[in-house]
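This report is meant for someone meeting the structure for the first time.

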Amino acid sequence: MAVCVAVIAKENYPLYIRSIPTENELKFHYMVHTSLDVVDEKISAMGKALVDQRELYLGLLYPTEDYKVYGYVTNSKVKFVMVVDSSNTALRDNEIRSMFRKLHNSYTDVMCNPFYNPGDRIQSRR
Amino acid sequence: MSVPDYMQCAEDHQTLLVVVQPVGIVSEENFFRIYKRISSVSQISVRDSQRALYIRYRHHYPPENSEWGDFQTHRKVVGLITITDCFSAKDWPQIFEKFHVQKEIYGSTLYDSRLFVFGLQGEIAEQPRTDVAFYPSYEDCATVEKRIEDFVESLFIVLESKRLDRATDKSGDKIPLLCVPFEKKDFVGLDTDRRSKWEGSLQWWRGKGAVHWVSDFLKLSGTDFAALEGLCSASVIYHYPGGTGGKAGARRFPGSALPAEAANRHRPGALTTNGINADTSTEIGRAKNCLSPEDIIEKYKEAISYYSKYKNAGVIELEACVKAVRVLAIQKRSMEASEFLQNAVYINLRQLSEEEKIQRYSILSELYELIGFHRKSAFFKRVAAMQCVAPSISEPGWRACYKLLLETLPGYSLSLDPQDFNKGTHRGWAAVQMRLLHELVYASRRMGNPALSVRHLSFLLQTMLDFLSDQEKKDVTQSLENYTSKCPGTMELLTLPDGLTLPPVPFTKLPIVRRVKLLDLPASLRPQKMKSSLGPSVSAKSPFIYSPIIAHSRGEERSKKIDFQWVQGDVCEVQLMVYNPMPFELRVENMGLLTSGVEFESLPAALSLPAESGLYPVTLVGVPQTTGTITVSGYHTTVFGVFSDCLLDSLPGIKTSGSTVEVIPALPRLQISTSLPRSAHSLQPSSGDEISTNVSVQLYNGETQQLVVRLENIGMEPLEKLEVTSKILTTKEKLYGDFLSWKLEDTLAQFPLQPGKVATFTISIKVKLDFSCQENLLQDLSDDGISVSGFPLCSPFRQVVRPRVESKPVNAAEGGRPGEPCHVKTLEAVLNFKYSGGPGHVEGYYRNLALGLHVEVEPSVFFTRVSTLPATSTRQCHLLLDVFNATEHELSVGARSDEELILHAGECQRMAIQVDKFNFESFPESPADKGQFANSKHLEEERQEARGLEINSKLDIHWTIISFSQTRGASVEGLLNQLVLEHLQLAPLLWDVLVDGQPCDCQAAACRVGDPVRLEVRLTNRSPRSVGPFALSVVPFQDHQNGVHSYDLRHAVSFVGSGTFYLDKVQPSGQAACLGALLFLYTGDFFLHIRFHEDGPSKELPPSWFCLPSVHVRALEAQA
């Protein structure tokens, strides 16, 4: 289970960010914010040649002492960042990938909502 | 353990470390002056060698740092320069002693040292010494650089000699093994034997660029970690002659030959272009042995992984990481660099002091910046900033903290200019930005700069408003108010000591302004331009009636300019639609307008907006003091103690309908009050004019009232001109006579009206509506069966008195009839007072004050029916009017001087008025003159109206409510129909009957029995056509006064001659006559009925034209 999930707009501002230990949310804000450096770097490193069959999953962005930060970028440059507990060894690349896929599906659902204004904060009932 | 030097880069490996330190008391200023001069000597070409020698100077270097000097010679302090003040020879030995102590500190590694003494003169200074230099003062020390060069050279000689020693020494075994510092304590049992042999001079050699030599060494020492790093450094120096440390790069290669060489070096293995260069083999060898850029990183990784095995090698590891990152930054391999940095973050050194922590975080931030990780860089900078004020620090460095925090701003994509946030919705990482702003506020407050914290807090509130929770909004505003109570927020640019300027933060969102609308002056004060007769402005613009191009450009130009004017000296208004986004009541003080172009006295307002109000209109006012074109550029407010100047141009999502208006010169102001009560009833807006005052009055139909208007000049300019016009609003009611009439001359005599003066003006209101009634009332009296054509049947003054009791039920049954008192008609009119004066008048402007007049007309009397009866004379007739009293009062009705008729309320009576017939043709037919009345119906109406007026003036019917004893007029104009008119009209054929030469009309003509009576019928043709011929027969008859007419009078009357008269054709305005004679045989009253023979021509003419007087002849007894 991820401890923090974030959806970040193309212009690098958060559309949605939520962490499980809610008491220190700002810490995750910083963590996700700084991870964008790596995301940007990875996207630019991938280059334009592979746009078509580009892998959306960016893999591990960086590890910290307690957490691992994974990234995923959609074709529309919306970024998903997930922070998982590094002690949780059950989560391997495949699990992370499937979590991102689920997240991507949910995001697609949100975008399909005719009442959602692209670019606005995503509100979640839960 | 040593302290890490974060500034290190790979090039530093080729340098010699020289420590420069003061001894005794040396002022910082002086020391750094000398230090600067010393450090300028950073590269020296030693004689006998083509190669340069690089020197690194440090003024602070803990001796422990030399611990690893055996492995990395650039860590070893090889030279010491001390600087000291000495003013008397007495102090000299003491100072010299100190110098020695200082030397002791670095003693183990030191090759040479120098002492620079400033201020000492005399014999001691005369002594020539190699290790001491004397200068009289800090200004007078021209030879410092030379001395340093000598000093460096001496260091070189020492090193060179050591190298030569080793080079000649074939047995490496004799050299003492090198140990890493911690190995002295705990031997790990690695192959120290092999590892450390060559280290000492390796660095030195590498410094000399002998890469091939290094590679040789590599074969010897294998995987030795320190050597790995050394190799990396050598390769880096080789590959990146520009330097990796960034700022120092230029300093290192001042030599002219180097750039060309560097260019070659970028292509490893390429032959040098300097063909004669004897050292080509060396060049090739270098390229061969040097690591490729990828390998450098590999080796760095390897080296670091070795270092990391030893806890005590933390510093070395950290430094290696830093160096590697610098190299990677140049290679633009950010991802790998970030991995190195990530590793560096986790290297645990011993307990660091706070200062070291700050340094470490700052350097991390710098390195992240270097590899383009701005966010990460900002993060560490912020951590460093927080470290500056950590609670464990006794003296928190708020200033440093603030400075560091400011540096993080770009990393969080935050600028301190609120203008940047005006473009659309805020798209940033609000949570972290807000946190940073809060920290800035706090730091600036602790720094003791309240103006700064107010500015930051205002910025936070302004730009992050959408992201603040309700509670946060409250907290932020609360603290903002606290700050501003000591230091109010201004619109000035704040400049920080380091040159950064903080632009002002206007609160454009507190409140949010949605719409700005410049308001026209109220209608009564609105200036209007007098229409010039020539109208040059229209024709000058374009010769075309319509041109899309011109219209377009003009439209754009006009889009900002509003087509009304403001007047100098008058209060002008601008309406703003605002709303309060705050969850609490917002108090906005000192809200006023910002204008340009015209001197404008703004009258600020204070307002209080309820929590999260909807759009709320606010009107800002001001008085233009001069004339010209005024532009409303914005507004200013004071909210929470912060002054803001909000410019409309920079407001997002604002709607304006233009902001430029012309201010015209001052005009007087007129205030009017009237004798009539003001009315709440306002005229219909369709009237077009906006009416400032409304007065109302209730009048009975036919009543006249005087309206006294009091004109007061309440402005500052004299009132010079006044024009009064009236406009009666379209009403269905037909109005007779002048509704409003006035005489302006008396009022104008009082002009010009100075400010504060009063003039009066009288208007008479005369209401005369239709006195006729609908048809249903006509039936009331129709039982009389009065015929319009006929003979005088009965007495002309006949009264049909209907008792009130009888009429009441009829009224009740037919509700809503005009006879009821509830049926009130209204008349509305607008009186326009156009006035002007002062400078505005000169410019051709005037003002228009409209007075609305609302008159309720109550019915007074009705003429329910009108008819005519021929009078005895053909020149006269009786007008019969059924008069109905619709008031609730008893009233009397009369015409001319005739007796009055008393009518009770609701009573209807008939009155007859004997009138002379009218000769309408005698007065000019005005409508006929006007050709434009093509419509004949219209023309007819006009004519009828004129006739009605004529008749009315003759009749002069008036009524009086007895209890009020005031006479009012009534009018019959409306009820005269064509038929009645015709009867009232004098026929165009005038028939006169003369009996014995006497015109006989109503009186009986007397004659004697037996005498022939001459009868003459005379016709005057006034019609525009010729008439006739006519044949007339005279029929005598006797009226028995009982309805019986006896025509059989053959025995009583005999004709002398023919009984039939003939009249020839009569030309227009011609006259004809025919004569005959009668002989009465008996006495008696005889009537003669003159009849027309019904032949052709007479049929074409209306019957009323043939209205001959009946002749009454009284035959008397013949005189004896």
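Helices, as the word is used here, are DSSP runs of H or I with at least four residues, numbered from the N terminus. With that in mind, Thr34(A) has its place in helix α1 of chain A. The model is a predicted one, and what follows should be read as a description of that prediction.

**A residue at the contact between chains**

Is Thr34(A) buried or exposed? Its relative accessible area is 2%, and because residues under 20% count as buried, Thr34(A) is buried. Once its neighbours within four places in sequence are set aside, Thr34(A) is in contact with Tyr62(A) from its own chain and with Arg375(B), Lys376(B) and Phe379(B) from chain B.

Two packed helices are described by the angle between their axes and the distance between the axes. Helix α1 of chain A, residues 25-46, packs against helix α16 of chain B, residues 374-388, at an angle of about 145°, and the axes lie 7 Å apart. On the side of chain A the contact is made by Tyr30(A), His33(A), Thr34(A), Leu36(A), Asp37(A) and Asp40(A), while α16(B) contributes His374(B), Arg375(B), Lys376(B), Phe379(B) and Arg382(B). By kind, the residues of this contact of α1(A) with α16(B) comprise 3 nonpolar, 3 polar and 5 charged.

**Chain B as a whole**

Chain B contains 30 helices and 46 strands, and 51% of its 1120 residues count as buried. Among the contacts in chain B between residues at least 6 apart in sequence, 75% join residues that are at least 24 apart. The chain exposes about 52700 Å², of which carbon and sulfur atoms supply 52%.

**Two open sheets**

Strands of a sheet pair through backbone hydrogen bonds, either parallel or antiparallel. One open sheet of chain B has 6 strands in the order β2-β3-β1-β4-β5-β6, with mixed pairing. Which strands stand at the edges of this sheet? They are β2 (43-45) and β6 (132-135) of chain B, each with a single partner strand, so that one side of each is left without a neighbour in the sheet. Neighbouring strands here are turned by 25° against each other on average, direction ignored.

Within this sheet, strand β5 of chain B, residues 112-118, pairs with β6(B) in the parallel sense over 4 bridges, and Leu115(B) stands opposite Val132(B) in β6(B). Helix α1 of chain B, residues 28-39, packs on the sheet and touches β1 (15-23), β3 (52-58), β4 (77-85) and β5 of chain B, its direction making about 160° with that of β1(B). Helix α2 of chain B, residues 92-105, also packs on the sheet, where it touches β1, β4, β5 and β6 of chain B, and its direction makes about 150° with that of β5(B).

Another open sheet of chain B consists of 4 strands in the order β21-β23-β26-β25, and its pairing is antiparallel. Its edge strands are β21 (670-674) and β25 (740-742) of chain B, each of which pairs on one side only. On average, and with direction ignored, neighbouring strands of this sheet are turned by 30° against each other.

| Strands | Sense | Bridges | Facing residues |
|---|---|---|---|
| β25(B) and β26(B) | antiparallel | 3 | Leu740(B) and Ile765(B) |
| β29(B) and β30(B) | antiparallel | 9 | Val861(B) and Asn885(B) |
| β30(B) and β33(B) | antiparallel | 9 | Leu879(B) and Ile913(B) |

Strand β30 of chain B, residues 876-885, is mostly covered, since 9 of its 10 residues are buried.

**Helices α13 and α15 of chain B**

Helix α15 of chain B, residues 354-370, has 17 residues and reaches 24 Å from its first C-alpha to its last, close to the 24 Å expected at 1.5 Å a residue. Its buried residues include Ile358(B), Ile363(B), Leu364(B) and Leu367(B), together with Glu356(B) and Arg360(B). Among the elements that cover the buried residues of α15(B) are α13 (314-331), α14 (334-346) and α16 of chain B. Just after α15(B), Gly372(B) takes a positive phi of about 85°.

The 18 residues of α13(B) should span 26 Å at 1.5 Å a residue, and its end C-alpha atoms are 25 Å apart, which agrees. Helix α13(B) is mostly covered, with 17 of its 18 residues buried, and it is followed by Lys332(B), whose phi is positive, near 60°.

Note on methods:
Residues numbered from 1 in each chain as written. Chains lettered and ligands numbered in written order. Predicted model: local features only at pLDDT ≥ 70, side-chain atom pairs only at ≥ 80, totals over all residues. Heavy atoms only, no water. Axes fitted to C-alpha atoms, helices over the stretch in contact; angles between N-to-C directions. Helix = DSSP H or I, 4+ residues; strand = E, 2+ residues; numbered from the N terminus. Contact = heavy atoms within 4.5 Å. Nonpolar A, V, L, I, M, F, W, Y, C, P; charged D, E, K, R; others polar. Pairing = 2+ DSSP bridges. Buried < 20%, exposed > 50% of the residue type's maximum accessible area, 1.4 Å probe, protein only. Areas by Shrake-Rupley, 256 points an atom, 1.4 Å probe, with all protein chains shown as cover. Expected span 1.5 Å × (residues − 1).
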